[in-house]
Amino acid sequence: MYQGDRDRWMPNYSHGTAGVAAALAVAGHRLARADLVEAARLGAAHVVSLADLADGGFRLPLQIPPAEDREPFAYGWCHGPTGTIHLFGALQHAGVEEVAGAPTMDWRARCVRSLTTSGLPDRLRPGFWDNDGRCCGTAGVLDVVLTEFQATGDDDLLAFADRLAAVLVEHAVPMTPDGSRCCWRFHEHRADPPELDPGVGWMQGAAGIVAALSRYARVRGEGTGAPRLGLPDGWWMHVDPPTS
């Protein structure tokens, strides 16, 4: 695991074991290296041993040990189930059917449950869910929820996607009088003023948010069979949609 600030460890996707194991699984499959795939499976088993599995969910601590001035759990791509679900998708892609005594698909479903029951995208308290981007916020969750809807056909997930997309549109800040251009300004409750400058990039800005909304529009129009582009940060997540 990545050792972050203040001698604490980060086990999640962008800075920790979850991301390393996902990379090993994808590389092992591509290179026909069973040893790499096995290392990925062992990494995933370790991640499971650290996870909070209450109420049928799956979430890893933001940091180990936890910091008193931060949320104990995050839910985004970087440090939450939105990212860590990609580990289990990578293992499925590599042909690993079971991790820590349970089907790989079950761990994937647990990640989704933690997202849908967390309270996001509402700002429940200072420091909880203040970001609209792909890395730490709503756009990243929307993309994963759309992937899982296309894989399962679960209408409850589509309803959740509706909610996420609506909040992204609601948070758009007009940049021109006619509303033809907009941006997103994330919220930092410890800053004065709390609204941050807009970003334009993929992980923390308009590019990633617009991509998620564009995909949402495709799925809303075409259902589970909507085109699924091979995005660099999760192409292995795609599975065949349901046939009925």
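**Entry 1: helices H6 and H7**

I began with the residues that join two helices: Leu 158, Ala 161, Asp 162, Ala 165, Leu 168 and Val 169 of H6 meet Ile 209, Leu 213, Tyr 216, Val 219 and Arg 220 of H7. I sorted the residues of this contact by type and found nine nonpolar, no polar and two charged. I note here that the model is predicted.

Next I looked up the geometry. Two packed helices are described by the angle between their axes and the distance between the axes. H6 covers residues 155-171 and H7 covers residues 206-222; their axes come within 11 Å and cross at roughly 140°. That angle makes H6 oblique to H7. An angle has to be over 145 degrees to count as roughly antiparallel. I also wrote down the hand of the crossing of H6 and H7, which is left-handed.

**Entry 2: helices H4 and H5**

I then turned to another packed pair. H4 (residues 104-116) and H5 (residues 138-152) have axes 11 Å apart and pack at an angle of about 135°. H4 and H5 are therefore oblique to each other. Their crossing is left-handed.

Which residues make the contact of H4 and H5? From H4 I listed Met 105, Arg 108, Val 112 and Leu 115, and from H5 Val 141, Val 144, Thr 147, Glu 148 and Thr 152. By type, the residues of the contact of H4 with H5 are five nonpolar, two polar and two charged.

**Entry 3: the loop between H4 and H5**

I stayed with this part of the chain and looked at the loop between H4 and H5, where Pro 121 has its place. The peptide bond from Leu 120 to Pro 121 is cis, and its omega is near 15°.

Trp 129 lies in the loop between H4 and H5 as well. Trp 129 is not a glycine, yet its phi is positive, at about 60°. Is Trp 129 buried or exposed? Its relative accessibility is 8%, so Trp 129 counts as buried. The cut-off for buried is under 20%.

**Entry 4: aromatic rings**

A pair of aromatic rings is described by the distance of the centres and the angle of the planes. I noted a count of seven aromatic pairs in the model. One of them is Phe 128 with Trp 129, a tilted pair with 6.4 Å centre to centre and 45° between the planes. Both Phe 128 and Trp 129 are buried.

Another pair is Trp 235 with Trp 236, which is edge-to-face: the centres are 5.5 Å apart and the planes are at 85°. I checked the accessibility of each partner. Trp 235 counts as partly exposed because its relative accessibility is 39%. Trp 236 has a relative accessible area of 11%, so Trp 236 is buried.

I also noted a cluster: Phe 58, Phe 88 and Trp 107 form one aromatic cluster.

Pro 65 lies in the loop between H2 (34-50) and H3 (81-93).

Where does Ala 100 lie? Ala 100 is in the loop between strand S3 (98-99) and strand S4 (102-103). Ala 100 is a residue other than glycine and has a positive phi, near 50°. Its relative accessible area is 45%, so Ala 100 is partly exposed.

**Entry 5: the segment after H7**

At 55% relative accessibility, Gly 225 counts as exposed; the cut-off for exposed is over 50%. I looked up its separation from Ala 151: Gly 225 and Ala 151 are 74 residues apart in sequence, and their C-alpha atoms are 9.4 Å apart in space.

His 238 is also in the segment after H7. Its relative accessible area is 24%, so His 238 is partly exposed. Which residues does His 238 touch, not counting residues up to four places away in sequence? I listed Thr 147, Arg 215, Arg 228 and Leu 229.

Notes:
Residues are numbered from 1 along each chain as its sequence is written. This is a predicted model: local features need pLDDT of at least 70, side-chain atom pairs count only at pLDDT 80 or more; totals for chains, interfaces and linings use all residues. Side-chain values use heavy atoms; hydrogens and water are left out. Axes are lines fitted to C-alpha atoms, for helices over the stretch in contact, and angles run from 0 to 180 degrees between N-to-C directions. Helices (H or I, at least four residues) and strands (E, at least two) are DSSP runs, numbered from the N terminus. Angles under 35 degrees count as roughly parallel, over 145 as roughly antiparallel, 65 to 115 as roughly perpendicular and the rest as oblique. A crossing is left-handed if the near helix is turned anticlockwise from the far one by less than a right angle, and right-handed if clockwise. Contact means heavy atoms within 4.5 Å. Ala, Val, Leu, Ile, Met, Phe, Trp, Tyr, Cys and Pro count as nonpolar, Asp, Glu, Lys and Arg as charged, and the others, Gly among them, as polar. Rings of Phe, Tyr and Trp (its six-membered ring) pair if their centres lie within 6.5 Å; planes under 30 degrees apart count as stacked, over 60 as edge-to-face and the rest as tilted. Buried means under 20% relative accessible area, exposed over 50%, partly exposed in between (1.4 Å probe, protein chains only).
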